[in-house]
Amino acid sequence: MPIYEYICEKCNERFSLLQSMQAREKDAKCPKCLSKNVKKVMSSFCCSSGLGNDFSPSIPSSGFTGGG
Ligand SMILES: [Zn+2]
């Protein structure tokens, strides 16, 4: 079960909820002020460590096309 992170727009409380995939955003509630005015935030699932730029532009060696 994924953990979703929410931010309360009322008191700016940041909390995480363990919800199923079918869970809706409206089911979330701020544990602090019990407000339902919360916004889902994207948790950083992707691991971003280091600046490894392994992408190198490779030019396809295609034949010369064109001509007049
Ligand atoms: Zn709140």
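Two residues are in contact if their C-beta atoms, placed from the backbone, lie within 7 Å. I start with that cut-off and note that the model is a predicted one.

**Entry 1: contacts along the chain.** I looked at contacts with a separation of 6 or more in the chain, and residues 24 or more positions apart account for 39% of them.

**Entry 2: elements.** I found three strands and zero helices in the chain. Read from the N terminus, the order is β-β-β.

Entry 3: I looked up strand 1 (residues 3–8) and strand 2 (residues 14–18), which run antiparallel and are joined by five bridges. I checked two residues of the pairing: Ile7 has Arg14 in strand 2 as its bridge partner, and Glu5 has Ser16.

Entry 4: I traced an open sheet of three strands in the order 2-1-3, paired antiparallel. Strand 2 and strand 3 (38–41) stand at the edges with a single partner strand each, so one side of each has no neighbour in the sheet. Neighbouring strands here are turned against each other by 35° on average, direction ignored.

**Entry 5: burial.** I looked up how much of the chain is buried: 7% of its 68 residues. The largest nonpolar core has five residues, namely Tyr6, Cys8, Ala28, Cys30 and Val38.

**Entry 6: Cys8.** I picked Cys8 from that core and listed its contacts, leaving aside neighbours within four places in sequence. They are Glu13, Cys30, Lys32, Cys33, Ser35, Asn37 and Val38. Cys30 and Val38 are also core residues.

Methods:
Residues are numbered from 1 along each chain as its sequence is written. This is a predicted model: local features need pLDDT of at least 70, side-chain atom pairs count only at pLDDT 80 or more; totals for chains, interfaces and linings use all residues. Helices (H or I, at least four residues) and strands (E, at least two) are DSSP runs, numbered from the N terminus. A residue is buried if 20 or more other C-beta atoms lie within 10 Å of its own, exposed if 12 or fewer, and partly exposed in between; C-beta atoms are placed from the backbone. A nonpolar core is a set of buried Ala, Val, Leu, Ile, Met, Phe, Trp, Tyr and Cys residues joined through C-beta atoms within 7 Å. Two strands pair if DSSP finds at least two bridges between them. Axes are lines fitted to C-alpha atoms, for helices over the stretch in contact, and angles run from 0 to 180 degrees between N-to-C directions.
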